[in-house]
Amino acid sequence: MTSDTSQDRATSVSILRRLVQEHGRDHVWAYAGAAVLLTLAAGATALSAYLLKPVVNGMVAGTDFKQLRMLAWVVAGLFTARGIVTFLSILILARTGNRIVANVQRRLFDHLVRQDMQFFHEHHSTEFMTRLSYAAGTVRDTLQALILCFSRDMLTLIGLIAVMFFHDPLLAGMSLVFLPVGGYVLGKLIGRIRRSARRSYDGAGQIMQIMQETVLGSRIVKSFNLEDQMRKRMNGAVRIVEKASNRVAASVALSGPVSDALAGIAIGAVIFYGSWRISIGGADPGSFFSFIAALLLAYDPAKRLAKLKLDIQNGVTGAQLIYSILDRPARETSAADSPALKLSGGRVELDGVTFSYRPGEKVLDGVSLVAEPNQTTALVGPSGGGKSTIIGLLQRFYVPHSGTIAMDGQDIAKVDLQSLRGQIAFVSQDVFLFDGTIRENIAFGRQDASDEDIIAAAQHAYAHEFITRFSKGYDTSVGESGAQLSGGQKQRIAIARAMLKNAPIILLDEPTAALDSESERIVQQALDALREGRTTIVVAHRLQTIVKADRIFVIQDGGVVQSGKHADLVAQEGTYRTYFSSQFGENTVPIAPRPAAG
Ligand SMILES: Nc1ncnc2c1ncn2[C@@H]1O[C@H](COP(=O)(O)OP(=O)(O)O)[C@@H](O)[C@H]1O
Ligand SMILES: [Mg+2]
């Protein structure tokens, strides 16, 4: 585990400064108002301690009851006033804090959706959840702790120490000796709490991740009897959190008695010395009681100040998690002046496209191909060849390292991103449906679509019939990720969504690969309807699709190794012929004249 190095401390300070600058500045008036109110509260506390002197001395000297009664009113009034200003200041702080949380959540999410695909591949989804929920809250708590400590606790402490020094400088000096000792002991404990807290935070993330995977993968978990394994993983994570929480609890539990004991020793010593001074030295008891009251009142704010470091540490950890996302440049943006993509036919051309996900591992190496308008262009080849990567590049999920992709002669890297994606309809093998109804899921294709448009799209996608057979029809809910529908139904809803979008370019990534042959036949019909009059690029595994394609590109090891029509390709010796016969059997390949052996 890392120790509190000076570099750690330097980053903590700079993160804290940034936190205050970014959020404190926006709410400077609210915080200033709260600070003024808290200052008043601090003054009231110090004053009430100070007032004990005339009260006690008056009692001892037998002063007029009326005067003492007056003091009683003042003290009661002071505490009531302190209660009111404290209430107001805490209300202000809470509301400001909640606004900050809301802003941080909005900013984080806004930034997240503008991140590129690579970023989402690199992180587990639960990481974002903890950042959005937990980390955003710590930012608020830290700012709140800062303002409370610096205005209320710090000032209260200063006021009370002033009262103490005013009454008895020597005694005050003596009591303050205990502060550094107490500070050191508490500091040690706090270090332990912090380390354990971080471990429990990691564990909590793991718990969320295992839970999520168990729910999303419930089919696999059940069918492979993975319950025990999942339980074991969950137990491990739960144990980490339990242990760490116990350690936190032990340190927290210890910190109370330890500081209480220290405070008790200090107060005992003060009482001992004070009584000695009153009885032997003849000092006035009023000053002494006022002193003791100030000392006792100083205890709580002093304890909170000592704990401040811990609160801040929590906040710094949270803020670090948030800034690590906010500081990552949003790659999914187009330059402000990039022109919109204007398509007439929709001719797609890749020229010498090179790409790798990880440095040094070329996935595409100089791919050139053309997809003509009104035609179906098929990408075929062995798994891992780079077909899906090409589909991703066409939607600018990633950007080629060299080479260009053009649509109707316009380089897609230079056009407005939204205008590019607005003219592409994408259907993938693994359909994603959002939680909601069938109608809502189709409507994601085009925001201003009417009910008639949605139904027409579903009809074209051969989905209308099965949808209307549900008792709730289009208002049937699809369940999380479409769990309540069959694979073929989900796929047809996805096609209806693409239909509704009415885009000139259609990208299909093995849309029927996961379906049985009956569903495939229907989905195939839906796809044929979708393709009509558009530029279609399809990653194909099925014989039907491949044979019907206007042009086939064989992708292997990140390059185009052959291209042409099925009849021509199959007549040639080469990858396609080998691939094709291994996929669909020798008898589907026409016998071509082989060159004489020699
Ligand atoms: N997000 C990713 N990060 C790193 N490598 C990837 C990623 N996605 C795909 N790859 C790799 O790129 C290669 C091509 O993958 P892909 O385009 O999906 O192939 P295909 O669709 O032809 O089966 C594979 O070797 C795969 O391991
Ligand atoms: Mg693929």
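Visitor: What distance separates the centres of domain 2 and domain 3, and where do the domain bounds come from?
Guide: The two centres, taken over C-alpha atoms, are separated by 58 Å. The bounds come from an automatic or database domain assignment, which gives domain 1 as 11–168 + 304–329, domain 2 as 169–282 and domain 3 as 341–423 + 550–590. This is a predicted model, in which local features need pLDDT of at least 70 and side-chain atom pairs count only at pLDDT 80 or more, while totals for chains, interfaces and linings use all residues. Residues are numbered from 1 along each chain as its sequence is written, chains are lettered from A, and ligands are numbered from 1 in the order in which they are written.

Visitor: How does the radius of gyration of the chain stand against that of a compact globule?
Guide: The radius is taken over C-alpha atoms, and the globule rule is 2.2 Å times the number of residues to the power 0.38. For 598 residues a compact globule would come near 25 Å, but the chain has 36 Å. Along its principal axes the C-alpha trace spans about 125 × 55 × 50 Å.

Visitor: What makes a residue part of the surroundings of ligand 1?
Guide: Its C-beta atom, placed from the backbone, has to lie within 6 Å of the molecule. Among the residues that surround ligand 1 are His121, Tyr357, Arg358, Lys387, Ser388 and Thr389. Helix H11 (residues 387–394) supplies the largest share, 3 residues; a helix here is a DSSP run of H or I with at least four residues, a strand a run of E with at least two, both numbered from the N terminus.

Visitor: How do the residues of that shell divide into nonpolar, polar and charged?
Guide: Ala, Val, Leu, Ile, Met, Phe, Trp, Tyr, Cys and Pro count as nonpolar, Asp, Glu, Lys and Arg as charged, and the others, Gly among them, as polar. On that basis the shell holds 2 nonpolar, 7 polar and 2 charged residues.

Visitor: Why is strand S3 described as largely enclosed?
Guide: All 5 of the 5 residues of S3 (residues 376–380) are buried, so the rest of the structure largely encloses this strand. Thr376, Ala378 and Val380 point one way, Thr377 and Leu379 the other.

Visitor: What do you need in order to say that S3 pairs with strand S8?
Guide: DSSP has to find at least two bridges between two strands. S3 and S8 (residues 535–539) run parallel and are joined by 4 bridges, with Thr377 opposite Ile537. S3 also pairs in the parallel sense with strand S9 (residues 551–556) over 4 bridges; there Leu379 has Phe553 as its bridge partner.

Visitor: What is found in the turn between S4 and S5?
Guide: The two strands form a hairpin with 2 residues between them, and Asp408 in the turn has a positive phi of about 45°. Met407 stands opposite Gln410 in S5.

Key: A residue is buried if 20 or more other C-beta atoms lie within 10 Å of its own, exposed if 12 or fewer, and partly exposed in between; C-beta atoms are placed from the backbone.
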